[in-house]
Amino acid sequence: MNYFPDEVIEHVFDYVVSHSDRNSLSLVCKSWYRIERFTRQRVFIGNCYSISPERLVERFPDLKSLTLKGKPHFADFSLVPHGWGGFVYPWIEALAKSKVGLEELRLKRMVVSDESLELLSRSFMNFKSLVLVSCEGFTTDGLAAVAANCRSLRELDLQENEVEDHKGQWLSCFPENCTSLVSLNFACLKGEINIGALERLVARSPNLKSLRLNRSVPVDALQRILMRAPQLMDLGIGSFFHDLNSDAYAKLRTTILKCTSITSLSGFLEVAPFSLAAMYPICQNLTSLNLSYAAGIQGSELIKLIRHCGKLQRLWIMDCIGDKGLGVVATACKDLQELRVFPSAPFGNQGAVTEKGLVAISMGCRKLHSLLYFCHQMTNAALITVAKNCPNFIRFRLCILDATKPDPDTMQPLDEGFGAIVQSCKQLRRLSLSGQLTDQVFLYIGMYAEQLEMLSIAFAGETDKGMLYVLNGCKKLRKLEIRDCPFGDTALLTDIGKYETMRSLWMSSCEVTVGACKTLAKKMPSLNVEIFGEGEQADCYVEDGQRVEKMYLYRTVAGKREDAPEYVWTL
Amino acid sequence: METLEQTQSSSSSSSSIDSNKYSNCCRNRTDLSTDLKLGLSISPSSPSQLPFNSTTPREETFAWPPVNKSVLRRNIIVEKQNHIHHQRSLFVKVYMEGIPIGRKLNLLEHHNYDGLVQALCHMFKTIILSPNSQPLNSWNFHVLTYEDQEGDWMMVGDVPWEMFLSSVKRLKITRANSC
């Protein structure tokens, strides 16, 4: 390959797109490293503290698209105290200083200030796409800056963020000559928006393919918007609460008939009972349906709707659909690939679906590869059946509302059931366990889950052996998150080299002590070992023998981070 | 075997907590009170089945199930709207023209207009023209009307059944020739 001029190698590298492949290219030899770094346009950083912004910018001067993830996954469930970290400002600052021509920024679980958004909007002339998922720290003022200053903005996608509403007119800040929008998602915003500005924006955006509204957009405005944008492919309805007798509703029913391009439907943040019937005409085209926000739609109404959706590939729904409803899904949606069933009463311990619904799905939907299932109970027999019917699982996340519930038929732990899953699903990359589980399930996981990259464990296991089975067995493990398990110092310290092959390890409410964490940190300088409690001062940990409430360790080349709050002790 | 350590700072809220609860010096009390508010007191199926085999039953398991904040928020809305959707009955008053005493009928027992009309014919011992039928010698027959949420009287049968259920306040059987 040394005989080819650089231009040829560059051209070949253009075809290599995946992050891991590009990483491999850069390791072949010095000249490939050099060529790869100058042609690399997309970078994914799974842990923003694993590398410094300056290093990123130095290595990849041609960077166009950056994806960053901040807080650990368990932050979604309020297990990470406020202020832990994940600030994006240093990254934007470094990128701005370096004159990188950033076009796309995708952030997950990061703290994004208005200042960062303003700096972003002013620094990159060609900025096209901003995607914020589960972020916090900004207000509608920051959005106004993005709207006003990013002249070629194509995508503004806000998913499940905590955004403070300043009652400004951020939507009106899109200039009149901004006609480039392809995707606009503001469903997570709690406040009012200027409806007129929205309608005008839609009217001047002929390329708009994806639009997800928040609950402040009423039905009559929705109808007018749909009239202007019949080319929409992805629609998120904000409020669907209205008098079914009204003219607005009748008009909407007619307008929907024109929306033949819609293949993805979501939202219904507020919904009137019996109103989903308006959607029937477009159901046959839907490949993606997210009704998980539609609080209070009765199971029978959901079932009626889904009967029309023969082409569904992705379905997110609430458990009020019931086992019977899942049976209907299994009959109607033969192409289903991804299913998420959310709990409508998570703390009532009375999940509305059981193992029966899952078995029905596995029998009808043989293409299923991704599952998130909150349920009342699960049996080993059901899991064994599901494993047989659907060997193609890539993601299997089961959450039994009673965290340590055994198989109700046999009163046995669910080791055998999950064992069947990992044995049968050879492509399994992500697994979340629940229910009563002993060390045995971890033996199975270590033995069979060869492709497993992410494992989430809670209230499971009996001894340190459990955790060791996983660390020894799962060669491709990248993220391990454990809470409330009896794994302690022996488990933590037996195979410390393993942690350099992983992105991160989270252990909370386990049996790990301060002393063990100190030992680990000392032996492995390439890891940051952070311990913290619930926002208490870090010096509440005075004795080595003390149990650690929360530990988060990750590999890094950036060293100890400077922005950790007082309660985080980096050992 | 975890040790129960209650420091001074946690004593104020721990008075409302069962002393058997698992706790340690770094437990966040605001989380706890939120969990209690949300009725979060899941008890495991039986203490002996707890993995830790400790003498302190884990009666409180905060941040479980693992649902994020937006799921929690939508579920609070579900709780509020649940009263609408556990409705098994929708009783409305029914009057027949000329008869001062009315009847009551549960609309949710019927799945469509035909069922409703049949039930009313039976109840009032009259012939009610179904919405789809042709009016013949209309002087002897009745039609079914309803009052909607806006107070207007409308012919039954023009809108889809579900829409009708959402908007009907009461029914009236009137003589066909007075429509």
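1. Conventions. The model is predicted, and local features need pLDDT of at least 70, side-chain atom pairs count only at pLDDT 80 or more, while totals for chains, interfaces and linings use all residues. Residues are numbered from 1 along each chain as its sequence is written, chains are lettered from A and ligands numbered from 1 in the order in which they are written, and side-chain values use heavy atoms, with hydrogens and water left out.

2. Parallel strands in chain A. Strand β2 (residues 65–69) of chain A runs parallel to strand β3 (residues 104–108) of chain A, and five bridges join them; helices (H or I, at least four residues) and strands (E, at least two) are DSSP runs, numbered from the N terminus, and two strands pair if DSSP finds at least two bridges between them. Within this pair, A:Thr67 has A:Arg106 in β3(A) as its bridge partner. Between β2(A) and β3(A) the chain passes through helix α5 (residues 89–98) of chain A, in a β-α-β crossover that is right-handed, a term that applies if, with the strands pointing away from the viewer, the path from the first strand over the helix to the second runs clockwise.

3. The next unit along chain A. β3(A) also pairs with β4(A), in the parallel sense and over five bridges, and together with helix α6 (residues 114–123) of chain A these two strands make a right-handed β-α-β unit.

4. A:Ser129. This residue belongs to strand β4 (residues 129–133) of chain A, where A:Glu104 stands opposite A:Ser129. A:Ser129 counts as buried because its relative accessibility is 5%; buried means under 20% relative accessible area, exposed over 50%, and partly exposed in between (1.4 Å probe, protein chains only). Leaving out residues up to four places away in sequence, A:Ser129 touches A:Glu103, A:Glu104, A:Leu105, A:Leu153 and A:Glu155, where contact means heavy atoms within 4.5 Å.

5. A:Ser216. This serine lies in the loop between β9 (210–212) and α9 (219–228) of chain A and is buried, with a relative accessible area of 14%. Its side chain makes a polar contact with the side chain of A:Asn214 at 2.8 Å and reaches the backbone nitrogen of A:Ile193 at 3.5 Å; a polar contact is a pair of N or O atoms within 3.5 Å, of which, within protein, one must be able to donate a hydrogen and the other to accept it, and residues adjacent in sequence count only if both atoms are side-chain atoms. Apart from neighbours within four places in sequence, the residues in contact with A:Ser216 are A:Gly191, A:Glu192, A:Ile193 and A:Ile195.

6. An open sheet in chain B. Five strands in the order β2-β1-β5-β3-β4 form this open sheet, with mixed pairing. The edges are β2 (103–106) and β4 (153–155) of chain B, each with a single partner strand, so one side of each is left without a neighbour in the sheet. Strand β1 (residues 91–96) of chain B runs antiparallel to β2(B), joined by four bridges, and B:Lys93 stands opposite B:Lys104 in β2(B).

7. Cysteines. Over all chains the structure holds zero disulfides, a disulfide being a pair of cysteine sulfur atoms within 2.5 Å. The sulfur of A:Cys150 has its closest cysteine sulfur in A:Cys178, 9.4 Å away, which is too far for a bond. For A:Cys365, which is in no disulfide, the nearest cysteine sulfur is that of A:Cys333, 6.4 Å away. A:Cys150 counts as buried at 3% relative accessibility, and A:Cys365 is buried, with a relative accessible area of 0%.
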